[in-house]
Amino acid sequence: MTSSVLVPGSRKGAESMEKAALKGRSLWDDARRRLLRNRAAVAGMIVLALLVVAALVGPYLTPYAYDEINKNDVWLGPLQNGHLIGTDSLGRDLLARLLMGLRVSLAIGLVATVVSLIIGVAWGAVAGFVGGRLDEVMMRVVDVLYSLPFIFFVILLMVTFGSNIILIFVAIGAVEWLTMSRIVRGQTLTLKHKEFVEAARAAGVGQGGIIARHIVPNLLGPVVVYVTLTIPAVILAESFLSFLGLGVQPPMASLGTLIANGAQDMELAPWLLIFPSLVMVVTLMSFNFIGDGLRDAIDPKDR
């Protein structure tokens with residue numbers, strides 16, 4: 001009677017080790033490996049990390065404050081009088097304002113996305129899991145809100161309650177959750193009939209416990225992908241509002257306000273439009289590359 005011994009250098013030993021490694025990896029491990037093999041996604045993560053560090057630390061390292069007015073430095077071009085990328089019509093350093101604007105835009109994108117995430121996931125999961133008449137009523141509410149023009153809704157809130165940065169968070173987040181709720185509802189309708197949910201029901205777990213402990217954790221894949229695509233959408237929405245004068249108010253700056261001001265003065269000082277626009281493009285492209293990479297990593301069949 002012969003017994004086979006796995007020699008580390010043999011083909012059979014290599015295949016056995018590979019099978020053991022594959023068996024020991026979870027779906028999230030495989031997704032992480034696929035994500036790290038996506039060069040565009042990795043580049044997007046690196047660039048986004050640099051942008052976040054610049055937004056958090058940069059305003060403290062610049063020699064000028066973002067709202068510091070200097071009448072002697074009006075309309076200075078890049079690399080003049082200590083201003084790396086120039087100044088605006090009030091002599092304010094554009095680099096300091098750009099770093100602060102990037103911080104504000106990223107904060108608005110993150111907070112408004114979190115608001116939409118909380119509302120959308122809760123709304124969609126409850127509607128999809130409970131079903132029946134409650135599902136019909138909840139989704140008809142979503143349809144009615146979808147029919148309202150986004151800009152009209154936000155302008156109405158701004159006119160009613162005034163324009164401040166907290167209201168921008170709430171206004172944009174209160175609209176962006178609609179698509180999230182539909183995505184979550186669709187995934188919940190598929191998950192509610194799975195074996196692990198039936199087992200939880202048989203064990204006596206209530207509807208709230210099943211939603212919180214079984215449905216929502218299994219929605220993380222599509223939700224994470226959509227979050228990375230929602231943040232740039234929120235940043236664009238805030239930029240559009242700021243371009244109309246309804247967003248962040250002076251002396252605070254955002255990428256939207258900087259682009260709006262640069263568009264007004266582009267003939268006299270084109271650098272006021274060029275640099276904020278470049279930062280906006282790089283930021284949005286980074287999020288999009290990360291979102292595409294996450295989508296391919298979590299569900300490679302979509303590629």
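Me: By about how many helical turns are Asp29 and Arg32 separated in helix H2?

Reply: An α-helix has 3.6 residues a turn, so residues three or four places apart point the same way. Asp29 and Arg32 lie three residues apart in helix H2 (residues 27-37), and therefore about one helical turn separates them. Helices (H or I, at least four residues) and strands (E, at least two) are DSSP runs, numbered from the N terminus. Please note that this is a predicted model, in which local features need pLDDT of at least 70 and side-chain atom pairs count only at pLDDT 80 or more, while totals for chains, interfaces and linings use all residues. Residues are numbered from 1 along each chain as its sequence is written, and side-chain values use heavy atoms, with hydrogens and water left out.

Me: In what do the side chains of Asp29 and Arg32 meet?

Reply: Side chains of opposite charge can pair when their charged atoms come close. Asp29 and Arg32 meet in a salt bridge, at 3.0 Å from N to O; the term requires a side-chain nitrogen of Lys or Arg within 4 Å of a carboxyl oxygen of Asp or Glu. By this rule there are 10 salt bridges.

Me: Are Asp29 and Arg32 buried, partly exposed or exposed?

Reply: Buried means under 20% relative accessible area, exposed over 50%, and partly exposed in between (1.4 Å probe, protein chains only). Asp29, at 23%, is partly exposed, and Arg32, at 44%, is likewise partly exposed. For another salt bridge, consider Arg97 and Asp88, whose closest N and O atoms are 4.0 Å apart. Both Arg97 and Asp88 are buried.

Me: Which residues are linked with Arg140 in a network of salt bridges?

Reply: The network links Arg140 with Glu136, Asp143 and Arg182. Within it, Arg140 and Asp143 form a salt bridge of 2.9 Å, N to O. These two residues are three apart in helix H5 (residues 132-147), so about one helical turn lies between them. Arg140 is partly exposed at 41%, and Asp143 is partly exposed at 26%.

Me: How should I read H5 as a whole, and which of its residues are buried?

Reply: One may begin with its length. Asp135, Met138, Met139 and Val142 are buried in H5. Seen down the helix axis, the buried residues fall within an arc of 90°, so they line one face of H5; the arc is that of the directions from the axis to the C-beta atoms. The face turned away from this buried side carries the exposed residues Arg133, Val144 and Ser147. The cover over the buried residues includes helix H4 (94-130) and helix H7 (165-191).

Me: Which residues does Ser286 contact, leaving aside its neighbours within four places in sequence?

Reply: Contact means heavy atoms within 4.5 Å. With those neighbours left aside, Ser286 is in contact with Gly44, Val47 and Leu48. Ser286 belongs to helix H12 (residues 271-298) and is buried, at 4% relative accessibility.

Me: Finally, how many helices and strands does the chain have?

Reply: The chain has 12 helices and zero strands. Of its 303 residues, 40% count as buried.
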